[in-house]
Amino acid sequence: MRKMIFMVIILLTAYSSAIFANSDWKASKTDALTTAKSQNKRVLLLVGPGYDNYLRDLINRDFGDLVQKSFVLWYAQLGTGNETRPYENQTNPDDFPLLVVIDPNSPDSYLSRLPANKFAKKDNGSNSYNFFYGCKMGSWLRPLAAQGNDSTPQPSNNQPASPPQNSNGSLVWQTSKANAMATAKNQGKRVLLFGGLDTCGTCRHVRNRIFEEPAVKALLQQSYVLWYAQTDNSNNEFWTYAKGLGNDWRIPLLAVIDPNSPDNYVDRNISQAKSRQEQQAWFQQIYPWLQRVTVRNTGESSAQPPNMQPVSPPANPNRPIHSISTEPPTFTGMVAAHNSWRQRVSVPNLTWSASAAKVAQSWANQLKNTQNCKMSHNPNRGEYGENIYWSSGRSSTPKDVVNSWGSEVQDYDYATNQCNRGKVCGHYTQVIWRDTTQVGCGKASCDSMEIWVCNYSPPGNYNGEKPY
């Protein structure tokens, strides 16, 4: 009898590939209200002018869990019917888009409205809105989430979310103004305010990459108490330090504050970048700015040289990059395999991340020990993107793993930023995501099966964004 070995390779769509998922937006009032009643939820109505895909993407991306739990989504294009008239302001016409929360048991009235007004505006003619509307949306939407059959809006928790702590716990963040000022006074330091969002990729890059550079970290620990303020909180004390900036600036906001004069800032720094090149330039000037403001305000002189090397990989993908840590023997060739695919689209090379690898290996071990190498994404992986590969009947190499993800290029349409119908391409877009700078992987085996996990920092596959 001839024996046959069957090999099966199954790819699981990357958890972070939200750009290819569409929430179920109802197209009619009847459908939305009926569904909301049957699911014991409220209706979140978006009345838009037709060029508001960005806003729908923002809701799906930043508030997906909240929406899925508490709301049925209804989209109505402005001027296409009269179903939304009861929710619009007829005496003082709204600036659209308009968001409305409706109790399905009282369908001809609304619980709350959020018209665009000054919070949303076209940005240089593009189809996107500035971040103020998104910030306001979070504090407005959360307390309106349905709680069982109780149609009374629930009070919001106005405590700012804590930023993710670094793996070595070295940077300590205060999450309230009072604590930050009191600690700074006690330690004879100044406060460095970081105003941003957990969902903001630029914010994560500054906090988790630039602030983790040895020179930057040493300066921060020596001279500052760090205060993290999320900008979508309705009672956020952050806005005192954003006065006078207008509507066209971008988070994060960095502000140095003297605790003896806590309602003023000594200096502040924001990005006004309009392109990736300008953004990279801003990243590189953060440390020199910190040096200048520290010397100017405290008389302290940083022991670190002023010409800190940029933390982001160079624009030329063929330039060698030396990792802080080296991939272990089991994963030799993993970084090179990733960079081979990235060079095809002229995005910067990746380096190996020991911390990302630690998280990936821990999850691979857990899949082996508790699920017999069944594929499942790690819900507690923090701020990492993730790709998973499974095979049976053969031993795969790092190159095999990455090439299986890279082969999805044939099913990705860059023009529409979509996978071909019925196909998967989220692994490929994570591999070549321009803003991702590091990768770390883990591996486990169950008899003849292998499970490979790769984590990425910063993560890719953001809703509505192209990979490069």
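Analyst: Arg344 lies over the face of Trp341, at 3.8 Å from the ring centre. A charge sits over a ring if NZ of Lys or CZ of Arg is within 6 Å of the ring centre and within 35 degrees of the ring normal. The model is predicted, with local features needing pLDDT of at least 70 and side-chain atom pairs counting only at pLDDT 80 or more, while totals for chains, interfaces and linings use all residues. Residues are numbered from 1 along each chain as its sequence is written, and side-chain values use heavy atoms, leaving out hydrogens and water.

Trp341 also belongs to an aromatic cluster, together with Tyr412, Tyr414, Tyr428 and Tyr468. Rings of Phe, Tyr and Trp (its six-membered ring) pair if their centres lie within 6.5 Å; planes under 30 degrees apart are stacked, over 60 edge-to-face, and the rest tilted. The count by this rule is 14 aromatic pairs. One of them joins Tyr412 and Tyr414, an edge-to-face pair with 6.4 Å centre to centre and 85 degrees between the planes. Tyr412 is buried, with a relative accessible area of 10%, and Tyr414 is partly exposed at 32%. Here buried means under 20% relative accessible area, exposed over 50%, and partly exposed in between (1.4 Å probe, protein chains only).

Helices (H or I, at least four residues) and strands (E, at least two) are DSSP runs, numbered from the N terminus. Ala356, Ala357, Ala360, Trp363, Ala364 and Leu367 of α10 are buried. They lie on the same side of α10, because they cover an arc of only 130 degrees around the axis, an arc taken from the directions from the helix axis to the C-beta atoms. These buried residues pack against β12 (351–352), β13 (385–392), β16 (438–446) and β17 (449–457), where contact means heavy atoms within 4.5 Å. The face turned away from the buried side carries exposed Lys358, Asn369 and Thr370.

Just after α10, Asn372 takes a positive phi of about 50 degrees. Cys373 then forms a disulfide with Cys446, their sulfur atoms 2.0 Å apart; a disulfide is a pair of cysteine sulfur atoms within 2.5 Å. With 80 degrees about the S-S bond, the link of Cys373 and Cys446 is right-handed. This pair links distant parts of the chain, 73 residues apart: Cys373 in the loop between α10 and β13, Cys446 in strand β16. Both Cys373 and Cys446 are buried.

Cys441 lies in β16 and Cys454 in β17, so the pair ties together parts that are 13 residues apart in sequence. This link of Cys441 and Cys454 is right-handed, with 100 degrees about the S-S bond. Cys441 is buried at 2% relative accessibility, and Cys454 is buried at 0%.

The disulfides number three. Cys419 is joined to Cys425 (S to S 2.1 Å), a left-handed link with -90 degrees about the S-S bond. Counting bonded cysteines along the chain, the pattern is 1-5, 2-3, 4-6.
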